[in-house]
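Have the coordinates open as you read.

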Amino acid sequence: MNNTDLKAVVEGAKNLLITKGWIKRGNARDSDGDPVSALSEHAACFCAQGAIMRAAWDLGFVPQRSSQSFEEFIHTEVLYPVNKAIDRRTSLNMPVELWHINDDSKTIEPVIDVLDHVIKVLEAA
């Protein structure tokens, strides 16, 4: 996946979080608050990772190899470069991943800030 495509996915994920709703500790939940797949038509709100999965799916990004699952594709082609962009933002001596930021945040704002940072890194690359 090139940076233009990756940027579109991250922007789509940001839009989903803002318009549908943000959650912690689970990729997606339905309107009753029950866990569902991020790809489910019943998904009513998302965590950052679930929003990325859904945005990639909605934009038509799927694995190119038949032996690769959608989840593996998301982790290798989308989340890995997103997490590398996040690492550039931190001064920690350890990797910081999107799901850590999502689940450690008390509000949506730090999650949106990180997605905005990733978008800027992708634009500059």
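Why does Glu11 count as partly exposed? Because its relative accessibility is 35%, and the label covers what falls between buried (under 20% relative accessible area) and exposed (over 50%), using a 1.4 Å probe and protein chains only.

## Ground rules

This is a predicted model, so local features need pLDDT of at least 70 and side-chain atom pairs count only at pLDDT 80 or more, while totals for chains, interfaces and linings use all residues. Residues are numbered from 1 along each chain as its sequence is written, and side-chain values use heavy atoms, with hydrogens and water left out.

## Salt bridges

The structure holds 6 salt bridges, each being a side-chain nitrogen of Lys or Arg within 4 Å of a carboxyl oxygen of Asp or Glu. Lys7 takes part in one with Glu11, where the closest N and O atoms are 3.2 Å apart. Both residues lie in helix 1, 4 residues apart, or about one turn of the helix. (Helices here are DSSP runs of H or I with at least four residues, strands are runs of E with at least two, and both are numbered from the N terminus.)

Lys7 also forms a salt bridge with Glu123, with the closest N and O atoms 3.5 Å apart. Lys7 lies in helix 1 and Glu123 in helix 5, so this pair ties together parts that are 116 residues apart in sequence. Lys7 is partly exposed at 22% relative accessible area, and Glu123 is partly exposed at 47%. Elsewhere, Glu72 pairs with Arg65 in a salt bridge, the closest N and O atoms being 3.9 Å apart. As for networks, shared partners join Lys7, Glu11 and Glu123 into one.

## Helix 2 and its cover

Helix 2 runs over residues 48–58 and is mostly covered, with 9 of its 11 residues buried. Among the buried ones are Ile52, Met53 and Arg54. The cover includes helix 1 (3–20), strand 2 (45–46), helix 3 (70–87), helix 4 (98–104) and helix 5 (109–124). Just after helix 2, Gly60 takes a positive phi of about 85°.

Ala43 sits in the loop between strand 1 (28–29) and strand 2, and it counts as buried at 8% relative accessibility. Skipping residues up to four places away in sequence, Ala43 touches Ala28, Arg29, Val36, Ser37, Ala38 and Arg54, where contact means heavy atoms within 4.5 Å.

Nonpolar side chains tend to be buried together in soluble globular proteins. Here the largest nonpolar core has 35 residues, and those with the most contacts inside it are Leu17, Phe46, Ile52, Ile74, Val82, Leu98 and Val118. Helices 1, 2, 3, 4 and 5 each supply at least two residues of this core. A core, by definition, is a set of buried Ala, Val, Leu, Ile, Met, Phe, Trp, Tyr and Cys residues joined through side-chain atoms within 4.5 Å. Leaving aside neighbours within four places in sequence, Val118 is in contact with Val10, Val82, Ala85 and Ile86.

## Buried polar side chain and cysteines

Asn83, in helix 3, is buried with a relative accessible area of 14%. A polar atom of the Asn83 side chain lies 2.8 Å from the backbone nitrogen of Leu98.

There are 0 disulfides in the structure, a disulfide being a pair of cysteine sulfur atoms within 2.5 Å. Cys45 is in none, and the nearest cysteine sulfur, that of Cys47, is 9.7 Å away. Cys45 counts as buried at 14% relative accessibility, and Cys47 counts as buried at 6%.

Methods:
Polar contact = N/O pair within 3.5 Å; in protein donor to acceptor, adjacent residues only side chain to side chain.
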